[in-house]
Amino acid sequence: MTAWKLSAPSKYVHSAIREDDDLADELRKAGKEIIKLSSGDPPVYFPTPKYVIDAYVEALRNGKTSYSRSQGVPELVNAIIDRYRNRYGIELEDQDVLVTSGVAEALTFLNSALIDVSDAAVILMPYYTQYPVAIRMFGGKFLLGRYDEENGWDIDLGELARILKGRRRKPKYMLITNPNNPTGTVLSKRALEEVIEIANEHRILLISDEIYDEIVFEGANLVSVGELAKGVPHVILNGASKAFDATGFRIGYAIVPGHDALSEELKHKLADYCRVRLCANTPAQYALAAAMNNRAEHEKAVSEMVRAIKQRVESAMKLLAENPYLTTVRPRGAFYIFPRIDMRSLKLRDDKEFVESLLKEKYVQTTRGSGFGAPNHFRIVSLAPSTIIGESIERVNDFCEEHSKSRQ
Ligand code: PLP
């Protein structure tokens, strides 16, 4: 007889992105070389710029190794305020900014602060894998809207209106991702305006995860929810991981710009959450502040990275276009490609089998679409150099060809 048992919500805590890591390790031990296209981790292929590393080292040398202000060191909070003024024309005050250990921690704080058992929140599929887990961790459930693949993965506004219509208990929040992981979509201004309208009409807090806001390809135009949602309660999430090429720093932030009663209550409660966990990584906060303040160096580094990512995505898309069993919407930002699989022609059970077999047979590690709420798809991270991406997609194409012929 056991004296204790795990909590009920803990059964939902699982990461689809890392679930094949053990299998990949086993294959490595057996001498296979695995191409890993499953982790959205820019510094693996784009070393964090030297001036950012120098700022981190300098912070250490200057003794910035103690606990720091819980909501973020003033240097970083000011740098974030400047960034939003310069980039988006958004005016923020100190208390609007809450620095966290990555967007991951901000999501945990938000769900803990907002979700009671049986409360609902709206997320849209395909979603970033942490979203449903973070809701369920607090006994909540999610209402599933969708991005529309037929419409370039832009928000399906009709579906959103449908799931909200006539609900007696309104959802606690609605969460969108722009640019999107796993589709690489940059949402249209029109869809954002409509979503804000819906949030306003139903009085639902809107949360916009904009962690890829600087990884946008030429021709696409990213609009922040903060530019449009004036007067409608909203939260913007962002951080060091992607645009500042520093996933391991574990620095993110939540911005709550509103001055309405809900926004005021929320930002003060989030500050309490920050205090309870003491602070985010202190030297990393100084390094991110330096990275944000050195706009010339940052612009240079990020534009080089985005140019290279776009090339890598383009070369993958070219090869994917030769594959008759996959259909792919062209990404406009981030670094993900999310093909739909013609499962029937490949005679595979589902996307899980597709991804596992691809790893076992061709030694290419990707992520199953069902992990993002979108079965019959898989996600490719397109950060590796074009030669590696090219080699991987050739293997994906061979794999599909072989499976279309087998067991006929
Ligand atoms: N939000 C999205 C959409 C992501 O893709 C990721 C990481 O891949 C995160 C949040 C996590 O970000 P962080 O490293 O700041 O915790």
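Two strands count as paired if DSSP finds at least two bridges between them, and the exercises below apply this criterion to a predicted model.

**Exercise 1.** Determine in which order the eight strands of the open sheet follow one another, and which strands form its edges.

*Solution.* Reading across the sheet, the eight strands follow the order E2-E9-E8-E7-E6-E3-E4-E5, and the sheet is open with mixed pairing. The edges are strand E2 (97-100) and strand E5 (154-155), each of which pairs on one side only. As an example of a pairing inside this order, strand E3 (residues 120-125) and strand E6 (residues 173-177) are joined in the parallel sense over two bridges, and within that pair Ile 123 stands opposite Leu 175 in E6.

Two helices can then be placed against the sheet. Helix H3 (residues 74-88) packs on the sheet by touching E2, strand E8 (234-239) and strand E9 (252-255), and the direction of H3 makes about 120° with that of E2. Helix H4 (residues 102-114) also packs on the sheet, where H4 touches E2, E6, strand E7 (205-209), E8 and E9, and the direction of H4 makes about 155° with that of E8.

**Exercise 2.** Describe how the three strands of the other open sheet are paired, and state which way the side chains of E15 point.

*Solution.* Begin with the order, which is E11-E15-E14 in an open sheet with antiparallel pairing; the edge strands are E11 (336-337) and E14 (367-368), each pairing on one side only. Next take the pairings of strand E15 (residues 378-381) one by one. Two bridges join E14 to E15 in an antiparallel run: Thr 367 stands opposite Arg 379 in E15, while Arg 368 stands opposite Phe 378 in E15. On the E11 side, E11 and E15 pair in the antiparallel sense, again over two bridges, and the bridge partner of Ile 337 in E15 is Ile 380. Finally, consider the side chains: Phe 378 and Ile 380 point one way from E15, whereas Arg 379 and Val 381 point the other way, and all of these residues are buried.

**Exercise 3.** Classify the packing of H11 against H14, and then that of H6 against H7, by the angle between the helices.

*Solution.* Two packed helices are described by the angle between their axes together with the distance between the axes. The axes of helix H11 (residues 295-320) and helix H14 (residues 386-405) come within 9 Å and cross at roughly 20°. Angles under 35 degrees count as roughly parallel, and H11 and H14 are therefore roughly parallel to each other. H11 passes H14 in a right-handed crossing. In the contact, Gln 311, Arg 312, Ser 315, Ala 316, Leu 319 and Leu 320 of H11 meet Ser 386, Ile 389, Gly 390, Ile 393, Glu 394 and Asn 397 of H14, and by class this gives five nonpolar, five polar and two charged residues.

For the second pair, helix H6 (residues 157-164) and helix H7 (residues 189-202) pack at an angle of about 10°, with their axes 11 Å apart, and H6 and H7 are therefore also roughly parallel to each other. Here Leu 157, Leu 160 and Leu 164 of H6 meet Arg 190, Ala 191, Glu 194, Val 195, Ile 198 and His 202 of H7, a contact made up of six nonpolar, one polar and two charged residues.

Note on methods. Residues are numbered from 1 along each chain as its sequence is written. This is a predicted model: local features need pLDDT of at least 70, side-chain atom pairs count only at pLDDT 80 or more; totals for chains, interfaces and linings use all residues. Side-chain values use heavy atoms; hydrogens and water are left out. Axes are lines fitted to C-alpha atoms, for helices over the stretch in contact, and angles run from 0 to 180 degrees between N-to-C directions. Helices (H or I, at least four residues) and strands (E, at least two) are DSSP runs, numbered from the N terminus. Angles under 35 degrees count as roughly parallel, over 145 as roughly antiparallel, 65 to 115 as roughly perpendicular and the rest as oblique. A crossing is left-handed if the near helix is turned anticlockwise from the far one by less than a right angle, and right-handed if clockwise. Contact means heavy atoms within 4.5 Å. Ala, Val, Leu, Ile, Met, Phe, Trp, Tyr, Cys and Pro count as nonpolar, Asp, Glu, Lys and Arg as charged, and the others, Gly among them, as polar. Buried means under 20% relative accessible area, exposed over 50%, partly exposed in between (1.4 Å probe, protein chains only).
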